[in-house]
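Hi,

Here is the structure I promised to pass on. Please have it open while you read, and my notes follow below.

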Amino acid sequence: MRRPLVVVLLVVVGVVALALGVARRGPAQRSAPPSVLLFTIDTLRADHLGCYGGTRVATPNIDRLAAEGVLFENAACPMPMTRPSLSTIHTSLLPREHGVVNNSLALPEDAQTLAETFAAAGWTTAAFTPVRLLDQHSGLAQGFATYVAPEAHHLPADGVAPPALDWIEAHDRARPFFVWLHLFDPHLPYAPPPEYVSDEGPARVSWRSLLATAEQNGGDVPASVLERALELYAGEVAYVDHWVGQVLDRLTRLELLDDTIVLFTADHGECFDHGVFFEHSDCLYEGAAKVPLIVRYPARIAPGTRVVAQVQHLDVAPTILALAGVDVPDAFRGRALLPTPPAPAERGGPEAFALIEHPLYPQGSASRRRRKQDRILSVAGMPTRPPAIERRGAALRGERWKLIREPGVLELYDLPSDPAESTNLATQDAARTAELEKRLDAKLAETPLRVLEPGTIDPRLRETLRALGYVQ
């Protein structure tokens, strides 16, 4: 696929659209097509945002985005890991279809990407990413004329967003832009700027510090450390919200905001319960699997709209293209959620379910993950689970019901009445459990796993994976 000009630094994705009378396939009737900003945040839990009912931290800028656009209440990632989920956002294919089933695999060149589609339609494309994991070797640079990624393992938002905004200001306004901007801050290590957290505790929590703490406490991470980690994580979310505000304010000053489709989401969330702590890739629970999804484009979207229907990362690319009036490639598997939002099943809409899977690890990486996680036996006295490499689980999530299946384990949750997934109804509602198991098997059967050649992990990538806590 088309290779970009590679710059070293970060990722901003511009969301571009054409506006009137958009059908899934068919050009819009608008002389000046909109620009597009695809705004993705790493490791962002939906329940930490005020617009999703969060109370731990204030997020006024993300809440403003939701108030001025549409918020999808039930959005899910396909795999709670960065490269797999972002590859799905950019290709509208599940990880088992595009083949990126862990962070050491690159998106194949034969994949049709959102950036390639926009570039072919006349948009100027640029991406700004904050982490070496997402450099040009990730395969995600396909279709971007400018692709900025860091030499460092990762950069904070103030090292990523300003270059993206400068690029937007300098770009030729004769052409719309498609910009992808990714911010990494809520990912472990949790270390927000000091003004976003109290000074009553460590300023940083990392895998290294967690392992050292567990070693000092017989394998347990004390409750005080868990609570401090939650405070630091919330501080990272507040810091990201600040930069969302900076981006929206700059676009407003440039008189670009209302002519730009802004789609905001996360690659996945983070788990702090159910035996999975400070982690996401081993977690199929809501903390990691549920993601925020917000779209702002006042020319086509009524402010304050909320959609209950189940949606997923597969739907991001078709939705952006439909709003922009660009033909959706036949290879894209998702559905356009706008300009006409899907109705929930209870009001006549189709009963949609999202497939969520654990990553698949090569053997060497699996053993390293096991050695790392076996050193933390409990958190606040709560036993930890073995790493996902030993479980190979999958989940099916709908508007109401969620099934989690791992070897020897079935869990069924009624999400509206039990959003914390505290009461397993699998035995009590055996008929529904069996029905959802059949649906899960059907979804897996209809999307055979694409096995990519693992190759040799680049030494720089291995170093980054180790620095981020993915391997020891």
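The largest nonpolar core has 116 residues, and Phe 118, Leu 181, Phe 264 and Phe 278 touch the most other members. Helix α7 (residues 223-253) gives the most to this core, with 16 residues. Another core lies apart from it and has 14 residues, including Ala 288, Ile 404, Tyr 413 and Leu 415. Please keep in mind that this is a predicted model.

Ile 404 also turns up in the strands: this residue of β19 is the bridge partner of Ala 395. β18 and β19 (residues 401-406) run antiparallel and are joined by 4 bridges, forming a hairpin with 3 residues between the two strands. Strand β15 (residues 354-357) is likewise antiparallel to β18, again through 4 bridges, and Leu 355 stands opposite Leu 396 there. Strand β18 (residues 394-397) is covered on both faces: Ala 394 and Leu 396 are buried on one side, Ala 395 and Arg 397 on the other.

Elsewhere there is an open sheet of 3 strands, in the order β8-β16-β17, with mixed pairing. β8 (220-221) and β17 (382-383) are at its edges with a single partner strand each, so one side of each has no neighbour in the sheet. β16 (residues 378-379) and β17 run antiparallel, joined by 2 bridges, and Val 379 has Met 382 as its bridge partner in β17.

Finally, a helix to look at: in α5 (residues 161-170), the residues Ala 161, Ala 164, Leu 165, Trp 167 and Ile 168 are buried. They are on the same side of α5 because they cover an arc of only 155 degrees around the axis.

Best wishes

Conventions:
Residues numbered from 1 in each chain as written. Predicted model: local features only at pLDDT ≥ 70, side-chain atom pairs only at ≥ 80, totals over all residues. Heavy atoms only, no water. Pairing = 2+ DSSP bridges. Buried < 20%, exposed > 50% of the residue type's maximum accessible area, 1.4 Å probe, protein only. Arc of directions from axis to C-beta. Core = buried A, V, L, I, M, F, W, Y, C linked by side-chain atoms within 4.5 Å.
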